[in-house]
Amino acid sequence: MENQNTENPIRGAVFKKFSSITEFADAIGWSRNKASRIVNGDQVPDANDIEKMAICLDTISAEKFMPVFFPTLTTM
């Protein structure tokens, strides 16, 4: 299996902090199904989802937030 965390930075951030999608879902207050769809790239998170994830994943600074949620954009 290729490194999905490089191709999917949200997945990488989740598994850097949590050992499973269920653990992440419980921490953020989502169903496991919703968390799985977002983490696996099957559902695009809306602005409220992104805000909750940024807080839950400790990625609220621009240096941490941009690479996870907007990896193709630069902060420069």
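**Before selecting.** The model is predicted: local features are reported at pLDDT of at least 70 and side-chain atom pairs at pLDDT 80 or more, while totals for chains, interfaces and linings use all residues. Residues are numbered from 1 along each chain as its sequence is written, and side-chain values use heavy atoms, with hydrogens and water left out.

**Stop 1: the whole chain.** Display the protein as a cartoon colored by secondary structure. There are 6 helices and 0 strands, where helices (H or I, at least four residues) and strands (E, at least two) are DSSP runs numbered from the N terminus. The order along the sequence is α-α-α-α-α-α. Switch to a surface: the accessible area is about 5100 Å², and carbon and sulfur atoms account for 53% of it; the area comes from the Shrake-Rupley method with a 1.4 Å probe, and for residues only the protein chains shown count as cover. Of the 76 residues, 37% are buried. Buried means under 20% relative accessible area, exposed means over 50%, and partly exposed lies in between (1.4 Å probe, protein chains only). Among contacts (heavy atoms within 4.5 Å) between residues at least 6 apart in sequence, 38% join residues at least 24 apart.

**Stop 2: α3 and α4.** Select residues 21-28 for α3 and residues 32-39 for α4. How are these two helices oriented to each other? They pack at an angle of about 115 degrees with axes 9 Å apart, and α3 and α4 are therefore roughly perpendicular. Axes are lines fitted to C-alpha atoms, for helices over the stretch in contact, and angles run from 0 to 180 degrees between N-to-C directions; under 35 degrees counts as roughly parallel, over 145 as roughly antiparallel, 65 to 115 as roughly perpendicular and the rest as oblique. The crossing of α3 and α4 is right-handed, a term for the near helix being turned clockwise from the far one by less than a right angle. Show side chains: I21, T22, F24 and A25 of α3 meet R32, A35, S36 and V39 of α4. By class, this contact of α3 with α4 holds 5 nonpolar, 2 polar and 1 charged residues. Ala, Val, Leu, Ile, Met, Phe, Trp, Tyr, Cys and Pro count as nonpolar, Asp, Glu, Lys and Arg as charged, and the others, Gly among them, as polar.

**Stop 3: α3 and α5.** The axes of α3 and α5 come within 10 Å and cross at roughly 105 degrees, which makes α3 roughly perpendicular to α5. F24, A27 and I28 of α3 touch K52, M53 and C56 of α5. The contact of α3 with α5 comprises 5 nonpolar, no polar and 1 charged residues.

Stop 4: Begin with S31, in the loop between α3 and α4. S31 is partly exposed at 42% relative accessibility, and its C-alpha is 9.8 Å from that of I21, 10 residues apart in sequence.

Next select N40, in the loop between α4 and α5. Its relative accessible area of 33% makes N40 partly exposed. Which residues does N40 contact, leaving aside neighbours within four places in sequence? They are N8, R11 and I21. N40 and R11 are 29 residues apart in sequence, yet 6.6 Å apart from C-alpha to C-alpha.

D58 is partly exposed, at 46% relative accessibility. Most residues other than glycine have a negative phi. D58 is not a glycine, yet its phi is positive, about 55 degrees.
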